[in-house]
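Colleague: Thanks for making time for this. Could you walk me through the helix packing in this one?

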Amino acid sequence: METRQADVSIPLQSSGWGSAAPGPRADPPPRDYVLWSLLNVVLWCAVAGLGCLGFPPLVYSIKARDCKLLGDLEGARRHGSRARVANIICSVLATLVLVVFIIIIIIFTTTTLENP
């Protein structure tokens with residue numbers, strides 16, 4: 001009985017995600033952070049009734065989206081970067097305000113329960 005060896009071929013390059021053709025590398029499209037900006041507007045309206053503090057990131061996000069649609073990728077990156085920074089600031093401030101409100105409510109309820 002003769003032993004046969006199976007034909008196995010191993011490709012030198014994978015055909016999956018990592019097999020990009022060599023050449024000029026395309027930059028990823030700029031991000032506009034519109035959803036995060038809308039969340040900040042809703043968060044500021046719900047937390048403190050100060051929805052106006054969430055509007056600057058939304059304006060920068062919409063400007064970034066408009067620039068991206070018009071083909072101005074550098075303007076879209078600039079406005080997207082500003083929207084990201086403004087969203088980070090608004091998110092941190094909203095979280096701090098929410099924590100302060102929770103601490104005030106806890107202090108108020110514990111003092112009113114102890115001294116009726």
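Modeller: Gladly. Let's begin with helix 1 (residues 34-47) and helix 2 (residues 55-70), whose axes come within 8 Å and cross at roughly 160°. Axes here are lines fitted to C-alpha atoms, for helices over the stretch in contact, with angles running from 0 to 180 degrees between N-to-C directions. Helices are DSSP runs of H or I with at least four residues, strands are E runs of at least two, and both are numbered from the N terminus. This is a predicted model, where local features need pLDDT of at least 70 and side-chain atom pairs count only at pLDDT 80 or more, while totals for chains, interfaces and linings use all residues. Residues are numbered from 1 along each chain as its sequence is written, and side-chain values use heavy atoms, with hydrogens and water left out.

Colleague: Is helix 1 roughly parallel or roughly antiparallel to helix 2?

Modeller: The axes of helix 1 and helix 2 cross at roughly 160°. Angles under 35 degrees count as roughly parallel, over 145 as roughly antiparallel, 65 to 115 as roughly perpendicular and the rest as oblique. The crossing angle therefore makes helix 1, relative to helix 2, roughly antiparallel.

Colleague: Which residues of helix 2 make the contact with helix 1?

Modeller: Contact means heavy atoms within 4.5 Å. On the helix 1 side, the contact is made by Val 34, Ser 37, Leu 38 and Val 41. From helix 2 come Phe 55, Pro 57, Leu 58, Ser 61 and Arg 65.

Colleague: How many residues of that contact of helix 1 with helix 2 are nonpolar?

Modeller: Ala, Val, Leu, Ile, Met, Phe, Trp, Tyr, Cys and Pro count as nonpolar, Asp, Glu, Lys and Arg as charged, and the others, Gly among them, as polar. By that scheme the contact of helix 1 with helix 2 has two polar residues, one charged residue and, for the nonpolar class, six.

Colleague: At roughly what angle do the axes of helix 1 and helix 3 cross?

Modeller: Helix 3 covers residues 73-114, and its axis comes within 10 Å of that of helix 1. The pair is roughly parallel because of the crossing angle. That angle is roughly 25°.

Colleague: How do the residues of the contact of helix 1 with helix 3 divide by class?

Modeller: Helix 1 brings Trp 36, Ser 37, Asn 40, Leu 43, Trp 44 and Val 47, and among the helix 3 partners are Arg 84, Asn 87, Ile 88 and Phe 101. The residues of this contact divide into eleven nonpolar, four polar and one charged.

Colleague: Which residues of helix 3 meet helix 2?

Modeller: Helix 2 and helix 3 have axes that come within 8 Å and cross at roughly 160°, and are therefore roughly antiparallel to each other. Helix 2 supplies Pro 57, Tyr 60, Ser 61, Lys 63, Ala 64, Cys 67 and Lys 68. In helix 3 they meet Gly 75, Ala 76, His 79, Gly 80, Arg 82, Ala 83, Ala 86, Asn 87 and Cys 90.

Colleague: Is Val 42 buried or exposed?

Modeller: Val 42 is found in helix 1. Buried means under 20% relative accessible area, exposed over 50%, partly exposed in between (1.4 Å probe, protein chains only). At 54% relative accessibility, Val 42 therefore counts as exposed.

Colleague: What pattern does the protein chain follow along the sequence?

Modeller: The protein chain has three helices and zero strands. Read along the sequence, the pattern is α-α-α.
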